[in-house]
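Colleague: I would like to go through this model with you. Could you put it on the screen?

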Amino acid sequence: MKKGNPKALLPIGVFLVLYLGLGILFEYVMKISMGFYSIPIVVIFLIALLVACMQNRELKFEDKLTIMSRGVGDKNIITMILIFMMAGIFVGVVGRSSANSVAYFLLSVIPPRFAVAVLFVVSCFVSCAMGTSVGTITLIAPIGAAVSAASGFSLPLCIGAVMGGAMFGDNLSFISDTTIAACNGQGCAMKDKFRENFWIALPAALVTLIITLVLSINTYSGAFEPQEYELIQIIPYVLVLIGGIIGINVFVVLLIGILSGSIIVLATGAVQATDLLANMGSGVAGMYETTMVAVLVAAICALIREYGGFDALLAWIKSVFKGKKGGQLGMGLLVGAMDIATANNTVAIVIANPIAKEMAVDYDVTPRKAASILDTFSCIFQGIIPYGAQMLVAVSAVTEMGFDISAFQIIPNLFYPFMLLISSLVFIFLIPERKK
């Protein structure tokens, strides 16, 4: 491990101070409507990157560019960017009318007062099968927005339910990047980590479902009026949902949605071929901010890692937490701090894995428990940070449909990540770890 350098963490502090500080100033001091939404997050990250580049003057700028390019070229970053682009094309092809048709169909077959709970449950199943929260949010967030518009439920409540369900699968799925990274890093079988993790996640999911049902029933105004919808417009979403539930690769699922949606809109004459291409381009353009955030965060993290910032943070956490229970909490906060810094839960786990493995030995924590803690806490933090890929994709997907919403409106409705945190703390401090 390199010698730690706490000063290398300065870019993260600059970003958080500017982003949260300006958001609070705009929203609560200047009383600007949607104040947080008006903050140019790409510009704030560029400022943070500039600060990172100005540090460590012993390193030539050309060498810093090389370090940043390696960070941006990471497999996880490239995969994420490609998902963003294909998701944008899918949204551009199917458009708002398809999501509305799905929502109207859904509300015609279930009591509308239960619609938000259904969004949460469906998101749980799809994310477990697909292994990607970003892909799940891309597919279901537009439906959540349409359900909100049709039924009168709060838009942040609907999107919060979708995001919560998406993080459930991100945490538990056997094909999730976070599960694979945590199990490989700690040297445990996926089935063992799943068994350890399931009993933490299940109570959180059940409590979230109860909260969602109570809020839905108490706040439903009966405003829903049945609307006409085209069954044929539902087909692209039905295909991608089925593909997600049976566990088809997310790229294949999105490609199926794009192809089926294109055939349907062209066959029905809803869109001309030239307009379809333009819509695809507009959909990709709508993911610009999300994509740029992924690129800039990867570049910043590469420099911080090179400067020794992460090593300093890891060493501090290891020195502060004592005892077995404290060691487990330290692991959770370790990967949480990495997630706040990187805005990517898989990358956070990869960075935290080596020191967490040492801590597991020092504190007599089983590999399956360590893997479970890393995966769970990374999903907790990733599920609520306002600049994470999941939040940015959700906001982008909803705004593409013409709705206004900000991350800070959604955060209070993210019941699942908060319940998962409470459940994790209960299992760390109150329930003894099983040795067999």
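Colleague: Are Glu-196 and Lys-369 buried or exposed?

Modeller: Glu-196 is buried, and Lys-369 is buried as well. Please keep in mind that this is a predicted model.

Colleague: What does Glu-196 form with Lys-369, and how far apart are the closest N and O atoms?

Modeller: The two form a salt bridge, and their closest N and O atoms are 3.8 Å apart. Glu-196 belongs to helix 9 and Lys-369 to helix 17, so this pair ties together parts that lie 173 residues apart in sequence.

Colleague: Which residues are joined with Glu-196 into one network?

Modeller: Arg-368 and Lys-369 are joined with Glu-196, through salt bridges that share partners. Between Arg-368 and Glu-196, the closest N and O atoms of the salt bridge are 2.9 Å apart. That pair also links distant parts of the chain, with Arg-368 in helix 17 and Glu-196 in helix 9, 172 residues apart. Arg-368 and Glu-196 are both buried.

Colleague: How many salt bridges are there in the whole structure?

Modeller: The search finds four. One of them pairs Asp-375 with Lys-193, with the closest N and O atoms 2.6 Å apart.

Colleague: Why do Asp-375 and Lys-193 count as buried?

Modeller: The cut-off for buried is under 20% relative accessible area. Asp-375 counts as buried because its value is 0%, and Lys-193 because its value is 1%.

Colleague: Turning to the nonpolar core, which residues have the most contacts inside the largest one?

Modeller: Those are Ile-41, Phe-45, Ile-159 and Tyr-416, in a core of 146 residues. Helix 4 (residues 75-109) gives the most to this core, contributing 14 residues.

Colleague: What does Tyr-416 touch?

Modeller: Leaving out residues up to four places away in sequence, its contacts include Phe-120, Met-167, Phe-168 and Asn-171, and also Ala-201, Ala-204 and Ala-205.

Colleague: And on the surface, which residues form a nonpolar patch?

Modeller: Leu-20, Ile-24, Leu-25, Tyr-28, Val-29, Met-30 and Ile-32 do, with about 630 Å² of accessible area together.

Colleague: Where does Ile-32 lie, and why does Ile-32 count as partly exposed?

Modeller: Ile-32 lies in the loop between helix 1 (10-29) and helix 2 (41-54). Ile-32 counts as partly exposed because its relative accessibility is 32%, and that class runs between the 20% and 50% cut-offs.

Notes. Residues are numbered from 1 along each chain as its sequence is written. This is a predicted model: local features need pLDDT of at least 70, side-chain atom pairs count only at pLDDT 80 or more; totals for chains, interfaces and linings use all residues. Side-chain values use heavy atoms; hydrogens and water are left out. Patches are made of residues with over 30% relative accessible area and no salt bridge: like charges are joined within 9 Å, nonpolar side chains (Val, Leu, Ile, Met, Phe, Trp, Tyr) within 5 Å. Accessible areas come from the Shrake-Rupley method with a 1.4 Å probe; for residues, only the protein chains shown count as cover. A salt bridge is a side-chain nitrogen of Lys or Arg within 4 Å of a carboxyl oxygen of Asp or Glu. Helices (H or I, at least four residues) and strands (E, at least two) are DSSP runs, numbered from the N terminus. Buried means under 20% relative accessible area, exposed over 50%, partly exposed in between (1.4 Å probe, protein chains only). A nonpolar core is a set of buried Ala, Val, Leu, Ile, Met, Phe, Trp, Tyr and Cys residues joined through side-chain atoms within 4.5 Å. Contact means heavy atoms within 4.5 Å.
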